[in-house]
Amino acid sequence: MQIFIVGGAVRDELLGRPNADRDYVVVGATPEALLKQGFRPVGKDFPVFLHPKTQEEYALARTERKSGHGYHGFTFHAAPNVTLEEDLARRDLTINAMAKAADGTLIDPFHGQPDLSAKILRHVGPAFAEDPVRILRIARFAARFSDFTVAPETLALMRDMVASGEVDHLVAERVWQELAKGLMEDKPSRMFEVLRDCGALARLLPELDALFGVPQRADYHPEIDTGIHTMMVVDQSAKRGFALPVRFAALTHDLGKGTTPADILPRHIGHEERSVTLSEKLCARLRVPSDCRDLALLMARYHGNVHRAADLKASTIVTLFEKTDALRRPERFQQLLDACLCDYTGRLGWENRPYDSPRYLLAALAAVNAVEAGKIALACTDKAKIPERIYTARVNALKILLNDSGEQPEQ
């Protein structure tokens with residue numbers, strides 16, 4: 001029995017990058033042999049075991065064979081006679097198909113180390129085409145290693161996979177899983193660039209693909225192209241280290257601009273409502289988690305109001321707080337402001353422009369929060385009028401803060 005460290009841990013060690021997760025392949029063993037040593041089985045589709053002390057994953061060397069469409073369309077064979085090279089051959093990229101022996105020897109049958117040095121993402125072999133998830137994975141690795149390029153033959157193979165319809169068999173959960181991971185990488189725009197290059201973006205996220213080539217007003221968007229703007233916004237969310245819901249909201253905030261009538265371009269009147277509708281459909285299709293979905297819908301609907309905060313009436317700002325549930329969900333409202341910051345700075349030449357809306361709205365929210373709604377409710381003899389009285393008090397508090405000379409406090 002021989003044990004090897006494989007995959008990402010080997011790759012990242014060669015790159016000098018931290019990697020806390022280590023995967024092991026066991027060659028020349030049976031499940032029974034590992035069970036006798038105290039390993040605990042966890043694999044459903046193929047034999048994977050947890051080490052009795054470290055709880056790290058150890059998988060028996062295996063081969064796989066295509067037996068149907070999509071990610072689950074495989075049968076696996078694990079046996080003591082399966083070699084390390086056979087196991088590595090089923091992996092996606094050459095940089096992920098290396099192993100390290102117990103004595104530190106590097107095993108690299110598919111030349112992953114030279115590809116690392118040349119910064120190339122290259123598929124291991126023709127079996128790559130059997131698993132459509134690998135299209136998403138290679139796009140995600142492009143977002144992580146943003147200075148790497150996809151090998152021409154690999155990109156050609158990905159295009160063939162899209163053309164053959166293999167990508168259409170991807171299950172929603174796996175698409176979301178890879179999309180979420182890609183959004184959390186250092187430069188998420190690279191993921192969508194690769195997906196667009198191979199044609200997969202139009203199949204998986206047609207609402208996003210439709211944004212490229214759609215013009216915007218140059219005075220507000222010097223980059224002009226809506227798709228380019230969206231990629232800049234997403235990269236701003238990564239640069240600032242924001243959480244996944246903010247990054248997803250950045251990705252979907254302008255989807256409605258892809259359906260703007262051609263005769264009114266480059267204006268995008270009413271794009272917010274169209275963005276909400278398209279975001280709802282996308283989130284339902286991919287089964288997006290509720291925290292990401294809810295923030296994306298708020299961002300799509302209200303980002304224009306946030307940008308215009310200084311020009312809004314006090315009553316409009318209080319209504320914005322109520323519609324976004326800002327008083328009860330201040331953390332989510334802060335995420336909305338974070339996403340709006342990315343939208344504002346995700347424009348050519350605007351990356352370092354001051355953006356005052358968050359400070360302005362947080363001060364307004366504090367003033368509204370200071371209104372003692374409980375006391376108002378107790379003092380109101382007509383219970384039906386309690387919501388109106390509280391709303392009026394909040395508007396008046398905000399008018400005082402904003403010194404809104406054009407509006408007098410209501411009685």
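Ala 218 counts as partly exposed, at 45% relative accessibility. Partly exposed lies between buried, under 20% relative accessible area, and exposed, over 50%, with a 1.4 Å probe and protein chains only. Ala 218 sits in the loop between H10 and H11. Its C-alpha atom is 9.9 Å from that of Leu 348, 130 residues apart along the chain.

This is a predicted model, in which local features need pLDDT of at least 70, side-chain atom pairs count only at pLDDT 80 or more, and totals for chains, interfaces and linings use all residues. Residues are numbered from 1 along each chain as its sequence is written, and side-chain values use heavy atoms, with hydrogens and water left out.

**The H10–H11 loop**

His 221 is also placed here, between helix H10 (206-209) and helix H11 (226-239). Helices (H or I, at least four residues) and strands (E, at least two) are DSSP runs, numbered from the N terminus. His 221 is buried, at a relative accessible area of 7%. Beyond its neighbours within four places in sequence, His 221 contacts Gln 216, His 229, Lys 257 and Arg 347. Contact means heavy atoms within 4.5 Å. The side chains of His 221 and Gln 216 are joined by a polar contact of 3.4 Å. A polar contact is a pair of N or O atoms within 3.5 Å; within protein, one must be able to donate a hydrogen and the other to accept it, and residues adjacent in sequence count only if both atoms are side-chain atoms.

**Overall build**

The chain has 19 helices and 11 strands. Of its 411 residues, 50% count as buried. The C-alpha atoms fill a box of roughly 85 × 50 × 40 Å along the principal axes. Take the contacts between residues at least 6 apart in sequence: 64% of these join residues at least 24 apart.

**H1 and its cover**

In helix H1 (residues 8-15), the buried residues are Gly 8, Ala 9, Val 10, Arg 11 and Asp 12. Their cover includes strand E1 (2-6), strand E8 (99-100), strand E9 (106-107), helix H4 (112-118) and helix H5 (133-144). Just after H1, Gly 16 takes a positive phi of about 75°.

Ala 101 lies in the loop between E8 and E9. It is buried, with a relative accessible area of 17%. Ala 101 touches Phe 4 and Ile 107, leaving out residues up to four places away in sequence. Ala 101 and Ile 3 are 98 residues apart in sequence, yet 6.9 Å apart in space, C-alpha to C-alpha.

**H12**

Helix H12 (residues 244-252) is largely enclosed by the rest of the structure, because eight of its nine residues are buried. These are Pro 245, Val 246, Arg 247, Phe 248, Ala 249, Ala 250, Leu 251 and Thr 252.

**H14 against H16**

Helix H14 (residues 290-307) packs on helix H16 (residues 330-345) at an angle of about 65°, with axes 9 Å apart. Axes are lines fitted to C-alpha atoms, for helices over the stretch in contact, and angles run from 0 to 180 degrees between N-to-C directions. The crossing of H14 and H16 is right-handed: the near helix is turned clockwise from the far one by less than a right angle. H14 contributes Asp 294, Leu 295, Leu 298, Met 299, His 303, Val 306 and His 307 to the contact. H16 contributes Arg 332, Gln 335, Leu 336, Leu 337, Ala 339, Cys 340, Asp 343 and Tyr 344. The contact residues divide into nine nonpolar, three polar and three charged. Ala, Val, Leu, Ile, Met, Phe, Trp, Tyr, Cys and Pro count as nonpolar, Asp, Glu, Lys and Arg as charged, and the others, Gly among them, as polar.

**Cysteines**

The structure holds zero disulfides. A disulfide is a pair of cysteine sulfur atoms within 2.5 Å. For Cys 340, the nearest cysteine sulfur is that of Cys 342, 9.1 Å away. Cys 340 is buried, at 0% relative accessible area. Cys 380 is buried too, at 3%.

**Backbone details**

| Residue | Phi | Loop |
|---|---|---|
| Asp 325 | about 60° | between helix H15 (314-323) and H16 |

Lys 119 counts as partly exposed, at 35% relative accessibility. The peptide bond from Leu 265 to Pro 266 is cis, with omega near 10°. Pro 266 lies in the loop between H12 and helix H13 (271-286).
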